[in-house]
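Thanks for asking me to look this one over.

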Amino acid sequence: MIYRKRGRVARWEHGRVIVVSEAGDAIEERGIFEVRPIAGELEARLDDVAAVAKALRNVKAERLLISHGVAEHECNGVSWREETRRLHIALTHKHLRALVDRADFDLDEIARTARVLARAGAERDAPPRLRLAPNVAAALLPHLAGVAPPNVRLMQSAGGLDGNGADIQEFCVDGASLPNVFRPSYRIRPVRMPLNLRLECDVDVIDRDIPEAVALLAPVAGLMLRVLVADRQRVYPSTIRVTRIDAVGHERTWYPYAAGAFGSEIML
């Protein structure tokens, strides 16, 4: 099997804009996997990532990575084109660090998280009822494979092509063999894993009067979440363990966690 990729990406990192072009083949034959560069460069119009960084200049952040990339792929006689935008920021306040990842350059969520974080007080126990904001829920989904509570369904969403150019199928992620592969880079073998995850539940009514986990304060560790909780006028860090899911909202936003996850409001 030969997989070919040509791409171009602009990345803002540590105050500099870096533009990278690459083209290469990934060849897997009789169990041997190798990659090699090839000639050619993709002409693509890229966003001004420095302008996005400038719009965030007044936000107190420890880390800020912004990228916009375009790539063309060929595999198994199928050709396709992908365009990606990624924004990662680690917002800081005193000893706290809130992590925000987005697949677009909409800065409203970042501004709201920064405002809430600035009001954070001392650590508290998790409230008995809690709702997860879509960005927090999306980060949780890859960790629910095989352990999701019985009243919810973890699904791979159909649409688009996987890392080998095959159609991404609708699929219930229940521990069975996975039909599609994810290829984060042409330099490594594609891996079987669910793409574009979403969570479904027969109950979709979310009580918005209960406290909300608005952002992650650390990467998800299994079913443990360290989150920033907004409870009316009180804001505080807390650690929760997901043992039940009572409801999942209908509205979904795609986030770049694992091989992609659709975040919805979740009520615990």
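1. Let me begin with the surface. The accessible surface of the protein is about 13800 Å², and carbon and sulfur atoms account for 49% of that area. Please keep in mind as you read that this is a predicted model.

2. Next, burial and contacts. Of the 268 residues in the protein, 46% are buried. If you take the contacts between residues at least 6 apart in sequence, 59% of them join residues at least 24 apart.

3. On the overall make-up, the secondary structure amounts to three helices and 19 strands. The protein is as compact as a globular protein of its length, because its radius of gyration of 20 Å is close to the 18 Å that the globule rule gives for 268 residues. Along the principal axes, the C-alpha atoms fill a box of roughly 60 × 45 × 30 Å.

4. Strand E4 covers residues 61-75 and strand E5 covers residues 78-93; the two run antiparallel and are joined by 14 bridges.

5. Leu91 has its bridge partner in E6, namely Ala98. E5 and E6 form a hairpin too, with two residues between them; in this turn Lys94 has a positive phi of about 55°.

6. Which residue's side chain makes a polar contact with the side chain of Glu200? The partner is Arg198, at 2.8 Å. Leaving aside residues up to four places away in sequence, Glu200 touches Asn151, Val152, Arg153, Met155 and Arg252.

7. One distance may be handy for orientation. From Glu200 to Phe33 is 37 Å, C-alpha to C-alpha, and these two residues are 167 positions apart in sequence.

Definitions and conventions: Residues are numbered from 1 along each chain as its sequence is written. This is a predicted model: local features need pLDDT of at least 70, side-chain atom pairs count only at pLDDT 80 or more; totals for chains, interfaces and linings use all residues. Side-chain values use heavy atoms; hydrogens and water are left out. Two strands pair if DSSP finds at least two bridges between them. Helices (H or I, at least four residues) and strands (E, at least two) are DSSP runs, numbered from the N terminus. Contact means heavy atoms within 4.5 Å. A polar contact is a pair of N or O atoms within 3.5 Å; within protein, one must be able to donate a hydrogen and the other to accept it, and residues adjacent in sequence count only if both atoms are side-chain atoms. The radius of gyration is taken over C-alpha atoms; the globule rule is 2.2 Å times the number of residues to the power 0.38. Buried means under 20% relative accessible area, exposed over 50%, partly exposed in between (1.4 Å probe, protein chains only). Accessible areas come from the Shrake-Rupley method with a 1.4 Å probe; for residues, only the protein chains shown count as cover.
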